[in-house]
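Colleague: I would like to learn how to read a few features of a model like this one, beginning with a helix and its surroundings. Could you take me through them in turn?

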Amino acid sequence: MRALLLGANGYLGRYVADRLLADPAVQLTALGRGDDADVRFDLSTGSPGALTRFLDAVHPGVVINCSGTTRGGARELTRHNTVSVATVCESLRRSGCGARLVQIGCSAEYGPSQPGSSTAEDAVPRPGGPYGVSKLAGTELVLGSDLDAVVLRVFSPVGPGTPAGSPLGRLAEAMRRAMQSGEGELKLSGLGVQRDFVDVRDVARAVHAASLSAAQGVVNIGTGRAVRLRDAAAVLARVAGFTGALHEMDAPALRGGPGDHPGGAPAFPYPDGCGSWQQADVRTARDRLGWRPRIALEESLADIWMEAACRI
């Protein structure tokens with residue numbers, strides 16, 4: 001199988017590339033904005049015609065789109081998460097390669113959900129911020145394209161390579177600095193939110209499975225279990241050997257269950273615009289992809305800590 005990976009230099013793209021390269025039946029070509037891509041191409045500014053000519057030359061059987069950004073203003077998010085997807089869809093429509101498209105979506109497309117619930121693929125998306133809106137627009141372009149396509153809505157990816165600016169990345173860095181300086185207390189906020197954390201290597205396995213499957217539409221990729229951020233912090237402290245106190249600056253506002261917060265919103269919102277709770281219904285991934293998560297959150301957090309501890 002010839003596979004074309006878009007966004008090969010990103011957080012998810014790197015692990016998808018590793019997974020595909022480990023399959024001897026896959027011939028992989030990586031396209032991205034970085035120098036280490038096989039082909040340099042910026043989907044947010046490149047023309048559909050140029051990408052079409054490349055598709056006709058390479059003739060992939062599957063195109064996997066891991067491109068996009070989580071940061072920036074509405075204009076930048078739209079350019080990288082929506083316009084780029086429009087370019088991919090139009091190029092595939094024009095090309096004679098007939099490739100299958102695997103688009104990487106995000107759980108931020110769903111927006112806030114009811115505490116205690118599991119979000120299935122038929123939930124009405126109500127994104128709570130510009131990032132989720134830009135990703136949802138990309139998903140809608142794929143679903144309306146009439147291509148052989150599947151969108152994997154990835155919940156909260158974690159593990160090695162977790163961006164330092166993400167909540168768990170910042171937590172690991174704060175813990176490293178506290179241990180380095182000998183502080184006996186770490187002051188944190190926003191620990192009441194609960195998210196469905198899925199290891200990035202399990203996400204890569206799901207992408208591989210989706211590439212080989214006939215599944216279409218939207219498929220959730222998560223663990224099916226929400227974890228409170230304060231519990232993740234406690235696990236991280238244990239694997240790091242941090243014996244100090246974790247002091248929650250907003251503890252009075254966040255004490256108790258999710259129902260204690262009007263509208264389900266914590267005092268310090270998680271940056272994905274999804275409120276205090278998000279948990280995936282993962283039955284579709286199991287039934288249509290034959291996929292289940294394998295890597296426990298403790299292992300993912302241990303890998304995050306190993307990277308943080310190695311920083312100078």
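Colleague: Which residues of α6 are buried?

Modeller: In general, an α-helix has 3.6 residues a turn, so residues three or four places apart point the same way. In this predicted model, the buried residues of α6 are Val200, Asp202, Val203, Ala204, Arg205, Ala206, Val207, His208, Ala209, Ala210 and Ser211. Because 11 of the 13 residues of α6 are buried, the helix is largely enclosed by the rest of the structure.

Colleague: What should the 13 residues of helix α6 span at 1.5 Å a residue?

Modeller: They should span 18 Å, and the end C-alpha atoms of the helix, which covers residues 200-212, are 19 Å apart, which agrees.

Colleague: In what order do the 7 strands of the open sheet come?

Modeller: Strands of a sheet pair through backbone hydrogen bonds, either parallel or antiparallel. Here the order is β3-β2-β1-β4-β5-β6-β11, with parallel pairing, and the edge strands, each pairing on one side only, are β3 (39-40) and β11 (217-221). The parallel pairing of β2 with β3 runs over 2 bridges, and Gly32 has Arg40 in β3 as its bridge partner.

Colleague: What volume does the largest pocket have, and which residues are closest to its centre?

Modeller: Rolling a probe the size of a water molecule over the atoms shows where empty space is left. The largest pocket has a volume of about 1200 Å³, and of the 48 residues that line it, Tyr11, Thr69, Thr70, Tyr131 and Pro163 are the closest to its centre. Elements giving two or more residues to this lining include α1 (11-21), β2 (27-32) and α3 (74-94), and by class the lining has 22 nonpolar, 20 polar and 6 charged residues.

Note on methods:
Residues are numbered from 1 along each chain as its sequence is written. This is a predicted model: local features need pLDDT of at least 70, side-chain atom pairs count only at pLDDT 80 or more; totals for chains, interfaces and linings use all residues. Side-chain values use heavy atoms; hydrogens and water are left out. Helices (H or I, at least four residues) and strands (E, at least two) are DSSP runs, numbered from the N terminus. The expected span of a helix is 1.5 Å times one less than its number of residues. Buried means under 20% relative accessible area, exposed over 50%, partly exposed in between (1.4 Å probe, protein chains only). On a 1 Å grid over the protein atoms alone, a cavity is a set of points where a 1.4 Å probe fits but cannot get out, and a pocket is an open set with protein on both sides within 12 Å along at least five of seven lines; lining residues have an atom within 4 Å of a point. Grid points are joined across faces, edges and corners, and a volume is the space filled by probe spheres set on the points. Ala, Val, Leu, Ile, Met, Phe, Trp, Tyr, Cys and Pro count as nonpolar, Asp, Glu, Lys and Arg as charged, and the others, Gly among them, as polar. Two strands pair if DSSP finds at least two bridges between them.
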